[in-house]
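Look at the structure below and keep it in view while reading. The report takes one topic at a time.

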Amino acid sequence: MSLSQHALGDSSWPDIPGGSVVLVPIGSTEQHGPHLPLDTDTVVAAAVADAVADAIALRTRKDVLVAPPVNYGSSGEHQSFPGTASIGFVALRFLVVELVRSLSTWADRIVLVNAHGGNVAALSAAVNQLAVESHDVAWVPCVGEGGDLHAGRLETSLMLHLRPQKVRLERSAPGDRRPLPDILPALRSGGVRAVSPSGVLGDPTGATAAEGSRILQSMVQDAFLRIMEGTTNCHGMLTMDADQALERTPA
């Protein structure tokens, strides 16, 4: 089945089957260092959702649709960098609640595919509210094996695989490479610029398209297993046993 068959935005209303599963990519428009585009999270979320839709349809023979991505998220920690366009916690939560209410009038299940860690609080609050309203909705993170926090080797490799023409590799340079617990107080008080003037949290050195392809495959496999076999935790996230993915979600 080709990816175009999954695209909700390309469909006409008579083409929409009842009882569909809908995947909604949730991204952001925010700085990703001097070498990656502002829509990096959206590109990744959409790519994961498209591939997961293929996998689910192949496994279940059921209809799976991928909605147009949500391009704006909660990105206040990046607001000191030009180009960042954040709608914040309240607006994102409200958007997700209203979107899922609407989709639920004709779809059986909605899964939000999230590629930006700053969206987690809003998604968790929205999904928990929607669960009380008896909607079948949850979210999954886009997480791969290893990786750094933001605009480092993981995301640079992904974009070299997905959108190589958008990557300015000659501008790439290491940023703050400390683990999240070490920089969290400064991040909370002053945002990303307080710890990394370039906006990079990690080191893009050595990133390759081949590595990006492997990372994408691991993200797709992780999201697929969560959707097919996972259970929803207290954050509204589909999770497997002993899951630590919430803490590993990229920034």
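**Helix H6**

A residue is called buried when its relative accessible area is under 20%. The model shown here is predicted. In helix H6, Glu211, Gly212, Ser213, Ile215, Leu216, Ser218, Met219, Val220, Ala223, Phe224, Arg226 and Ile227 are buried. An α-helix has 3.6 residues a turn, so residues three or four places apart point the same way.

Four strands form an open sheet in the order S2-S1-S3-S4, and their pairing is parallel. Strand S2 (64-66) and strand S4 (137-141) are the edge strands, as each pairs on one side only. On average, neighbouring strands of this sheet are turned by 25° against each other, direction ignored.

Strand S3 (residues 107-114) runs parallel to S4, and five bridges join the two. Ile110 has Val137 in S4 as its bridge partner.

**Helices on the sheet**

Helix H3 (residues 120-132) packs on the sheet and touches S1, S3 and S4. The direction of H3 makes about 160° with that of S4.

Helix H1 (residues 40-60) lies across S2, S3 and strand S1 (20-26). H1 runs at about 160° to S1.

**Cysteines**

How many disulfides does the structure hold? The number is zero.

Is Cys142 buried or exposed? Cys142 is buried because its relative accessible area is 1%, which is under the 20% limit. Cys234 has 63% relative accessibility and so counts as exposed, the limit for that being over 50%.

Definitions and conventions: Residues are numbered from 1 along each chain as its sequence is written. This is a predicted model: local features need pLDDT of at least 70, side-chain atom pairs count only at pLDDT 80 or more; totals for chains, interfaces and linings use all residues. Side-chain values use heavy atoms; hydrogens and water are left out. Buried means under 20% relative accessible area, exposed over 50%, partly exposed in between (1.4 Å probe, protein chains only). A disulfide is a pair of cysteine sulfur atoms within 2.5 Å. Two strands pair if DSSP finds at least two bridges between them. Axes are lines fitted to C-alpha atoms, for helices over the stretch in contact, and angles run from 0 to 180 degrees between N-to-C directions. Contact means heavy atoms within 4.5 Å.
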